[in-house]
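Hi,

Here is the structure I said I would pass on. Have a look at it first, and then read my notes below.

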Amino acid sequence: MKRVSIGGQAVLEGVMMKGPKSYALAVRKPNKEIEVKVTDYVSLGERYKALQIPIIRGIVNFLESLYIGMKTLMDSSEFVEEEESTGTSSSGNEAADKKTNEESSSRTAYLVGTLIVSLIIAVGVFMLLPAFIANFLYKLTDSDLLVNLCEGILRLVIFLGYVIAISFMEDIKRTYMYHGAEHKTINCMEAGDDLTVENVKKHTRFHKRCGTSFVFIVMFISIVVFMFVRTDVMWMRLLSRVLLVPLIAGISYEFIRYAGKHNNACSNVLSAPGLWVQRLTTKEPDDSMIEVAIKSVEGVIDWHEYVDAVRNNSFES
């Protein structure tokens, strides 16, 4: 068996896990049953080798993760609603299929539109707003270094403030618990332990490859990158922040990729801030949430075979 990196995301009352050939969404429905939806998906990087070039692969992976994350989040919101059973006559099957296809196309368009709007808002709040505010510091100092440093600190403050603020929402609290279940389940499997509730509970809820760590690294890398962009012209400052977002995302992905595959002093020290932020975005899950996370893993990989390979160190090279 080849060594693979399973990634995931917490959604409403559930967990999404992404494997090498598919991703699975497991949701605890109102009737307490767990529904699992597996979708075949091969990443663009696997289909087109040119997209595996460092930095570029990070940009592609970032966009794919956003799309899949948004899609599974919308799917989970539908699963948690009680379904009304409706009867359809056989004579209306063709019309029903046509309606389903139309709804699917509309939903995809809505999803893409939502994703674009979300990206615009995220760039505006976390990139442009700090740059806009920091630019006024040129009235107090001529130091580009100081202004850019203050911009970076402000960006981190806004991000942490956002994370803390939404943590008071009841649905977000439960999502953070599912986030913890996702991490603990992956850590359990990667440690070579069978995926049982009792085994998963023993493992940490923090993980180096977490999306929270990725976002925090983006904030940190942006401070370094923007140090080389020195201008007090407002429109040039804002434009540079937008144009450099893909580069920053690509560099951040390479760091997370390295940290996830290595366990040395360097990677541990540089990963520490992101792991600290996960104290805000993950909470200890209950047993029912861990069960959902395990079902999601089972949808994308034979964890028995993977755990045996970990124990025997028998992964293919």
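Predicted model: local features only at pLDDT ≥ 70, side-chain atom pairs only at ≥ 80, totals over all residues.

**What I found**

How many salt bridges does a search of the whole structure find? It finds 16.

- E291 pairs with R28, with 2.9 Å between the closest N and O atoms. E291 belongs to helix α11 and R28 to strand β3, so parts that are 263 residues apart in sequence are tied together. E291 is partly exposed at 35% relative accessibility, whereas R28 is buried at 14%.
- E254 and R57 meet through their side chains in a salt bridge of 2.7 Å, N to O. Helix α9 (residues 245-261) holds E254 and helix α2 (residues 56-79) holds R57, so the pair links parts that are 197 residues apart in sequence. E254 counts as buried, at 17% relative accessibility.
- E151, R155, R237 and R241 are joined in a network of salt bridges.

Now for the inside. In soluble globular proteins, nonpolar side chains tend to be buried together. Here the largest nonpolar core has 28 residues, and I6, M17, M189, L195, V297 and I301 touch the most other members. At least two residues each come from β2 (14-18), β3 (22-28), α5 (170-190), α6 (197-201), α11 (287-298) and α12 (303-312). Which element gives the largest share of this core? That is α11, with six residues. Another core, of 16 residues, lies apart from it and includes V229, I248, F255 and A259.

Beyond its neighbours within four places in sequence, L195 is in contact with T185, C188, M189, V200, I294, V297 and W303.

On the outside, V117, I121, V125, L129, F132, I133 and F136 form a nonpolar surface patch with about 580 Å² of accessible area together. F132, one of these, is in helix α3 (residues 93-135) and is partly exposed, at 37% relative accessible area.

- T231 is in the loop between α7 (211-226) and α8 (234-243), and is buried at 12% relative accessibility. A polar atom of the T231 side chain lies 3.1 Å from the backbone nitrogen of V233. Leaving out neighbours within four places in sequence, T231 touches N135, Y138, D144, M236 and R237.
- S43 lies in the loop between β4 (34-40) and α1 (44-47). Is S43 buried or exposed? At 15% relative accessibility, S43 counts as buried. K18 and E64 are its contacts, not counting residues up to four places away in sequence.
- R3 comes in the segment before β1 (7-11) and is exposed, at 53% relative accessible area. R3 and V310 are 307 residues apart in sequence, but their C-alpha atoms are 8.7 Å apart in space. Residues up to four places away in sequence aside, R3 touches Y306, N313 and F315.

Best wishes

Conventions:
Residues numbered from 1 in each chain as written. Heavy atoms only, no water. Patch = residues over 30% accessible without salt bridge, like charges linked within 9 Å, V, L, I, M, F, W, Y side chains within 5 Å. Areas by Shrake-Rupley, 256 points an atom, 1.4 Å probe, with all protein chains shown as cover. Salt bridge = Lys/Arg side-chain N within 4 Å of Asp/Glu carboxyl O. Helix = DSSP H or I, 4+ residues; strand = E, 2+ residues; numbered from the N terminus. Buried < 20%, exposed > 50% of the residue type's maximum accessible area, 1.4 Å probe, protein only. Core = buried A, V, L, I, M, F, W, Y, C linked by side-chain atoms within 4.5 Å. Contact = heavy atoms within 4.5 Å. Polar contact = N/O pair within 3.5 Å; in protein donor to acceptor, adjacent residues only side chain to side chain.
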